[in-house]
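Please look over the structure below before reading on. The numbered points that follow are meant for someone who has not worked with it before.

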Amino acid sequence: MSVASARYRERFCKRRVSDSEWATLPRPRSSTRITSSALITMRSLLLAVLAAYVVAAIHAVLAFLNKRRTLQRVSDWSAAAGFLLHTAALIADWAIYGHYPLFYLRETLSFLAWTLVASYALVVYRYRARPLGSFTLPLVSLLIFLAIIIRPPIQDSAEKSVLSASWLFPVHTTLLFFAYAAFFVVFLASIMYLLQERELKLKTFSAIFHRLPSLTTVNEIATSSAAIGLTLLTVGIATGMVWASSRDGRLWHNDPKEIFAALTWILYLLLILYRSTARWRGRRAAWMGVAGFGLVLFTFFGARLMGGYHVFG
Amino acid sequence: MSIVLVGVNHKSAPIEVRERLAFTDEACSTGLRTLVDGEIVREGLIVSTCNRVEVLVETGRLADTTDRITQFLSRSDYLPRAFFETHLYQHTDHEAVRHLFRVTSSLDSMVVGEPQVLGQVRRAYSMALEAGTAGRILNRLVHHAFRVAKRVRSETGIGANAVSISYMAVELGKKIFNSLAGRTALLVGAGEMAELSARHLVNAGVSRVLLANRTEAPAERLARELGGEAVKFDLLPSHLVEADIVICSTAADHYVITEQMARQALSKRRNRPSFFIDISVPRNIDPAVGKIPNVFVFDIDDLESVISSNIREREREAERAELIVESEIMQFQQALRVLDIGPTIGALRNKLHDIARLEMARQRNRLGPLTAEQEKAVEALLVSTVNKISHPLLSHMRRSSDASDAETIQAWRDIFGLEE
């Protein structure tokens with residue numbers, strides 16, 4: 001035992017403690033060790049993330065409306081900076097609280113925002129479909145804002161120790177969050193498809209028509225994101241089942257979140273089957289992409305209100 | 001030093017006047033040499049297109065310039081002045097710069113935002129360069145005008161949306177298919193408009209063009225020209241399956257493409273979208289085709305109405321472009337003021353001579369009485385000394401000005417404490 005930790009023991013127990021006695025004492029919870037300076041660092045980091053995303057969002061919207069390349073560049077760079085800071089913030093969160101940062105609502109919102117930015121980056125990389133950013137980035141900013149104003153929770157160690165015990169917790173949740181992000185991309189691409197298809201049929205074009213990616217592009221984005229989302233959802237649900245059975249031997253608990261997740265899974269499976277029977281399904285597939293996202297939202301937020309086995313976001 | 005622009009355009013003069021004033025390339029080069037006399041007109045440029053004839057000059061004597069250009073345009077009174085004089089507009093300095101900037105940015109074009117005029121000005125400039133009539137000021141002005149045009153094009157949507165039927169096919173095609181590379185176009189009927197559209201499509205990357213015409217000779221001729229394939233008109237239904245873009249322009253008085261044909265083609269295409277353009281009157285494509293999902297049909301009226309809304313959109317963007325032009329005029333004039341070293345040279349000379357005179361006045365008493373001749377000799381000594389010292393300085397300044405090196409000129413000004 002080092003001197004430093006002896007001093008720490010003394011401060012913690014407010015008296016001198018011998019090595020043998022210390023060994024018998026209950027371990028101090030990680031939560032009690034979180035210093036206020038760490039919390040302030042976390043908070044300012046998140047504020048910096050928010051600032052970067054807000055700048056990115058504003059510039060993305062302006063670039064979308066005005067078609068200025070310089071604005072788009074500002075948006076790209078600040079989104080990239082925000083994403084790096086955000087990644088750092090998540091890692092810091094993990095290090096400080098000692099559990100995977102996907103437990104409390106505050107953390108889930110922040111993590112969800114992170115997956116949204118990551119998938120936006122992928123879509124831009126693959127399809128150059130930057131208009132997506134003018135919808136994604138404002139939402140991301142809002143999520144981070146909420147994550148900041150929601151107060152850090154009082155640590156519930158018992159619950160946490162259960163959740164952080166298994167490596168399946170991070171895998172299960174991360175997969176599902178990326179699936180949600182993918183479905184959000186499907187949703188946006190479907191909306192863009194429907195808007196443009198309608199205008200092409202009516203032959204009257206609004207100002208934003210010319211700024212949206214082509215029908216083929218949004219169709220491809222929707223198709224491939226739906227496939228990726230469904231894969232992630234499948235593996236995510238599977239790991240959840242494995243984890244549940246390792247805890248209490250049951251695969252299924254009939255909890256609302258499970259039921260809605262199953263419905264979501266079926267809907268996206270149908271969507272993909274429907275699309276693959278004929279290569280291009282256009283309108284109806286797009287409507288399914290929109291409806292599917294409604295179900296995702298309900299799975300994510302709605303089921304929470306009904307309570308059940310899944311206690312967290 | 002003044003910049004003057006005199007000319008006519010499609011708004012100020014009818015075609016009868018414009019065509020008489022227009023210059024051929026040869027007339028332009030020889031004309032430039034007679035126009036630029038080095039005295040009244042020091043630099044010159046002639047822009048002559050079907051929509052405008054404009055003479056842009058840099059002059060040392062503003063008062064005589066307009067008359068000189070009018071005389072020049074009349075081909076030494078070969079054309080009676082009364083014939084065109086009332087149609088002429090004339091801009092000086094600020095106004096002339098604005099006019100040129102607006103022309104190159106295609107704000108002054110018949111269809112706002114059409115980019116051809118930029119190429120025409122570029123051509124006019126290279127002819128002036130060849131003739132040696134584009135000097136320090138015009139070089140700077142024309143290059144600045146090109147820069148303005150580029151800025152307007154990239155920062156506003158002035159040239160964004162198609163405003164001709166033939167180009168509409170490309171634009172809508174891209175909206176549906178993203179890229180036209182690897183797509184197939186089918187021309188039904190070999191009319192002139194269809195041909196023009198097909199050319200645009202090929203330029204935009206369409207890889208295969210099929211031509212179907214009732215009589216085969218025109219289809220084959222066009223196929224050779226476009227590098228396409230002439231196909232049998234009777235096999236239209238099967239070709240519809242291959243075609244992503246169909247342009248229909250036959251003289252038939254019935255529907256050449258029926259709803260049933262389009263539906264069958266679509267299902268054989270496994271629902272891949274197809275895009276039909278019907279530029280024939282009466283229509284050749286059943287309007288009901290447009291109701292089929294994943295099939296988009298535009299007839300001539302649809303295209304016209306999209307075009308007119310695109311033109312309105314361009315005009316809205318033109319307002320933003322005007323703001324850019326205004327700010328660029330200010331920048332240009334500032335740059336010009338810096339480069340205009342006439343006043344600087346004068347001020348520098350005066351300053352040096354003043355110093356010499358002042359020193360002379362201070363030391364004059366010590367010299368005692370001098371003869372008039374000696375007095376003159378001392379004076380001449382001072383003047384020539386000052387001139388000898390300032391000569392390399394001034395010639396360096398002139399060189400910097402010719403090289404448009406504003407920084408060096410400003411440095412000279414700062415060293416001697418001269419105002420601009």
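1. Confidence in chain B. This is a predicted model, and among the elements of chain B the lowest mean pLDDT, 81, belongs to helix 16 (residues 406-416) of chain B, while the highest, 94, belongs to helix 5 (residues 94-104) of chain B. Over chain B the mean pLDDT is 88, with 99% of its residues at 70 or more. Where pLDDT is low, predicted coordinates should not be read in detail.

2. Strands 2 and 3 of chain B. Strand 2 (residues 41-48) of chain B has six of its eight residues buried, so this strand is largely enclosed by the rest of the structure. Strand 2 of chain B runs antiparallel to strand 3 (residues 52-59) of chain B, and seven bridges join the two. The two strands of chain B make a hairpin, with three residues between them. Within this pairing, Gly44(B) is found opposite Val57(B) of strand 3 of chain B.

3. Aromatic pairs in chain A. Over all chains, a search of the whole structure gives 18 aromatic pairs. One of them is formed by Trp114(A) and Phe178(A), with ring centres 6.0 Å apart; the planes are at 70°, so the pair counts as edge-to-face. Because Trp114(A) belongs to helix 5 (residues 105-127) of chain A and Phe178(A) to helix 8 (residues 168-202) of chain A, the pair ties together parts 64 residues apart in sequence. Trp114(A) has 17% relative accessibility and therefore counts as buried, whereas Phe178(A), at 25%, counts as partly exposed. Both rings also belong to a cluster linked by ring pairs, together with Phe83(A), Phe111(A), Phe177(A) and Tyr180(A).

4. A stacked pair in chain B. How are the rings of Phe23(B) and Phe72(B) arranged? They are stacked, with 5.6 Å from centre to centre and 15° between the planes. Phe23(B) sits in the loop between helix 1 (15-21) and helix 2 (25-35) of chain B, and Phe72(B) in helix 3 (residues 62-73) of chain B, so this pair connects parts that are 49 residues apart in sequence. Phe23(B) is buried, at 10% relative accessibility, and Phe72(B) is buried with a relative accessible area of 10%.

5. Charges over rings. Phe23(B) has a further contact: Arg75(B) lies over the face of its ring, 4.0 Å from the ring centre. Elsewhere in chain B, the ring of Phe146(B) has the charged end of Arg122(B) over it, at 4.7 Å from the centre.

6. A cis peptide bond. Val281(B) and Pro282(B) are joined by a cis peptide bond, with omega about -5°. Pro282(B) is placed in the loop between strand 9 (274-278) and strand 10 (295-299) of chain B.

7. Positive phi angles. Lys203(A) is not a glycine, yet its phi is positive, about 65°. This residue, Lys203(A), is in the loop between helix 8 and helix 9 (215-248) of chain A. With 19% relative accessibility, under the 20% limit, Lys203(A) counts as buried. Asn178(B), also not a glycine, has a positive phi of about 70°. Is Asn178(B) buried or partly exposed? Asn178(B) has a relative accessible area of 42% and is therefore partly exposed; its place is the loop between helix 8 (165-177) and strand 5 (184-188) of chain B.

Key:
Residues are numbered from 1 along each chain as its sequence is written. Chains are lettered from A and ligands numbered from 1 in the order in which they are written. This is a predicted model: local features need pLDDT of at least 70, side-chain atom pairs count only at pLDDT 80 or more; totals for chains, interfaces and linings use all residues. Side-chain values use heavy atoms; hydrogens and water are left out. Rings of Phe, Tyr and Trp (its six-membered ring) pair if their centres lie within 6.5 Å; planes under 30 degrees apart count as stacked, over 60 as edge-to-face and the rest as tilted. Helices (H or I, at least four residues) and strands (E, at least two) are DSSP runs, numbered from the N terminus. Buried means under 20% relative accessible area, exposed over 50%, partly exposed in between (1.4 Å probe, protein chains only). A charge sits over a ring if NZ of Lys or CZ of Arg is within 6 Å of the ring centre and within 35 degrees of the ring normal. pLDDT is the predictor's confidence in each residue, from 0 to 100. Two strands pair if DSSP finds at least two bridges between them.
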